[in-house]
Amino acid sequence: MASKLLLIIVFVFDLIAFGLAVAAEQRRSTAKIVPDRDQNYNYCVYNSDIATGYGVGAFLFLMVSQIAIMVASRCFCCGKPLKPGGSRACAVILFIVCWVFFLIAEICLLAGSVENAYHTKYRTLFVNDPPSCETVRKGVFAAGAAFIFFTSIVSKFYYINYSSARESFQPHLGGETGVGMGTYK
């Protein structure tokens, strides 16, 4: 049976990561163009930079969650052999899907945090085009939150299938190890 304590801990970490990613989406940096005192230059003024911290926090919580599942399952490749059958087949597929979703979520969170922390620092003359005040695109952190949700679901199903396949395998039943043969008639 899968460890209920591990599943609860991973659920809490995933929930925190999801909440931080949604908060990062809501608190993305915005910028406005402001002229200087003498009206000679325009420059960008950014509001709060808290979304970067939220994005990095979501990144770290999701990483801890994934590490906990992979350590508990011995990353699928180490440890006792698994019983052949449906649980092992599902565990293999869910293992691959879990890692794909995890990598997409981490890339979205990391890219969003880096882009949110980047602030243009140059100024332009008043007669030239206004500076481009770059900010993170809407939906980057939301995509990260969506893939956190997908990773959370798939990783839990992976761990449950892995545990089912691991615990039902009994290599030594104390019986005969050869091929059973009947009498010849």
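Me: Which helix does N116 lie in?
Reply: This is a predicted model, where local features need pLDDT of at least 70, side-chain atom pairs count only at pLDDT 80 or more, and totals for chains, interfaces and linings use all residues. Residues are numbered from 1 along each chain as its sequence is written, and side-chain values use heavy atoms, with hydrogens and water left out. Helices are DSSP runs of H or I with at least four residues, strands are runs of E with at least two, and both are numbered from the N terminus. With that settled, N116 lies in helix α3.

Me: Does N116 count as buried or exposed?
Reply: Buried means under 20% relative accessible area, exposed over 50%, and partly exposed in between, using a 1.4 Å probe and protein chains only. N116 has 2% relative accessibility, so the label is buried.

Me: Which side chain does a polar contact join to that of N116?
Reply: Contact means heavy atoms within 4.5 Å, and N116 touches R28, S29, D49, A51, T52 and V136, leaving out residues up to four places away in sequence. A polar contact is a pair of N or O atoms within 3.5 Å; within protein, one must be able to donate a hydrogen and the other to accept it, and residues adjacent in sequence count only if both atoms are side-chain atoms. At 2.9 Å, the partner is T52.

Me: And E25: which residue has its backbone nitrogen 3.0 Å from a polar atom of that side chain?
Reply: E25 sits in helix α1 (residues 4–26) and is buried, at 10% relative accessible area. Setting aside neighbours within four places in sequence, E25 is in contact with K138, G139, V140, F141 and A142. The backbone nitrogen in question belongs to G139.

Me: How many aromatic pairs does the structure hold?
Reply: Rings of Phe, Tyr and Trp (its six-membered ring) pair if their centres lie within 6.5 Å; planes under 30 degrees apart are stacked, over 60 edge-to-face, and the rest tilted. Counted that way, the number of aromatic pairs is 8.

Me: How many residues apart in sequence are the parts that F95 and Y158 tie together?
Reply: F95 and Y158 make a tilted aromatic pair, 5.5 Å centre to centre with 50° between the planes, and both are buried. F95 is in helix α3 (residues 86–117) and Y158 in helix α4 (residues 140–167), so the pair links parts whose separation in residues is 63.

Me: About what separates Y158 and Y162 in helix α4?
Reply: Y158 also pairs with Y162, again tilted, at 6.1 Å centre to centre and 40° between the planes. Both of these tyrosines are buried. Because they are 4 residues apart in helix α4, what separates them is about one helical turn.

Me: Are α2 and α4 roughly parallel or antiparallel?
Reply: Axes are lines fitted to C-alpha atoms, for helices over the stretch in contact, with angles from 0 to 180 degrees between N-to-C directions. Helix α2 (residues 50–72) and α4 pack at about 10°, axes 10 Å apart. Angles under 35 degrees count as roughly parallel, over 145 as roughly antiparallel, 65 to 115 as roughly perpendicular and the rest as oblique. The two helices are therefore roughly parallel.

Me: In what order do the elements of the protein run from the N terminus on?
Reply: The protein has 4 helices and 3 strands. Starting at the N terminus, they run α-β-β-α-α-β-α.
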